[in-house]
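Reader: Please show me the model. Then let us go through its aromatic contacts.

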Amino acid sequence: IAVPVLALAGVEGLEIRCRDMPLDTQERSKMDWNRLHLSDYDSNLKQESLVVYYPDGENRYLLEQTYTVNTASLDNLYAYLFKRLQVPMGQSPSPISADTELLGVSVRDGVCSLDLSNAFLESCPEDAIAQRNVLLSITNSFTQLTDVDRVEFYCDGQLLRRYGSISLETPWEYAEEAVGPVM
């Protein structure tokens, strides 16, 4: 607002009011070119849409939840996705227990290696379909990142070979058929 108004011929200052009260209650100061701070806020913001996949309440399929994030303000995009997977979405349970810690993450040749604390194994569901949905929630969420094609799972630094009854002999890839609702 200030830039076009101050650019008008004959305008020396601008006072912004809300319901006839100045916004600056400490002093009644007018905005002028000397007090105006111009910056390109978009250069500091990199808005990106990230999809997090959650098992539906009955473990039939995965549901998508899109979050718009300022990725420039994130220290670690992988940690952000991991934390999002620890929070339930509506009626959908969180696929990763709140007790599970992300001990490390690395990406090499498109393979994202997630090192999780032992709580990940301790919170493993008994049902094989629920186990698969936990792994696919994580895998589908992480493989949307440009540098990740597949995900492999570690626990306390050791490569996992099984998660409950599910084999983890090879890294997991995005599974479109797991995303619902399935008709």
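**Aromatic contacts**

Author: Tyr53 counts as buried, at 5% relative accessibility. Buried means under 20% relative accessible area, exposed over 50%, partly exposed in between (1.4 Å probe, protein chains only). This is a predicted model: local features need pLDDT of at least 70, side-chain atom pairs count only at pLDDT 80 or more, and totals for chains, interfaces and linings use all residues. Residues are numbered from 1 along each chain as its sequence is written, and side-chain values use heavy atoms, with hydrogens and water left out.

Reader: How many aromatic pairs does the structure hold?

Author: Rings of Phe, Tyr and Trp (its six-membered ring) pair if their centres lie within 6.5 Å. Planes under 30 degrees apart count as stacked, over 60 as edge-to-face and the rest as tilted. The number of aromatic pairs in the structure is 4.

Reader: What is the angle between the planes of Tyr53 and Tyr174?

Author: The two rings form an aromatic pair, 6.0 Å centre to centre. The pair is edge-to-face, and the angle is 75 degrees.

Reader: How many residues apart in sequence are the parts that this pair ties together?

Author: Tyr53 lies in strand S3 (residues 47–55). Strands (E, at least two residues) are DSSP runs, numbered from the N terminus. Tyr174 is in the segment after strand S11 (172–173), so the pair ties together parts whose separation in sequence is 121 residues.

Reader: Is Tyr174 buried or partly exposed?

Author: The relative accessible area of Tyr174 is 36%. That makes Tyr174 partly exposed.

Conventions. Helices (H or I, at least four residues) and strands (E, at least two) are DSSP runs, numbered from the N terminus.
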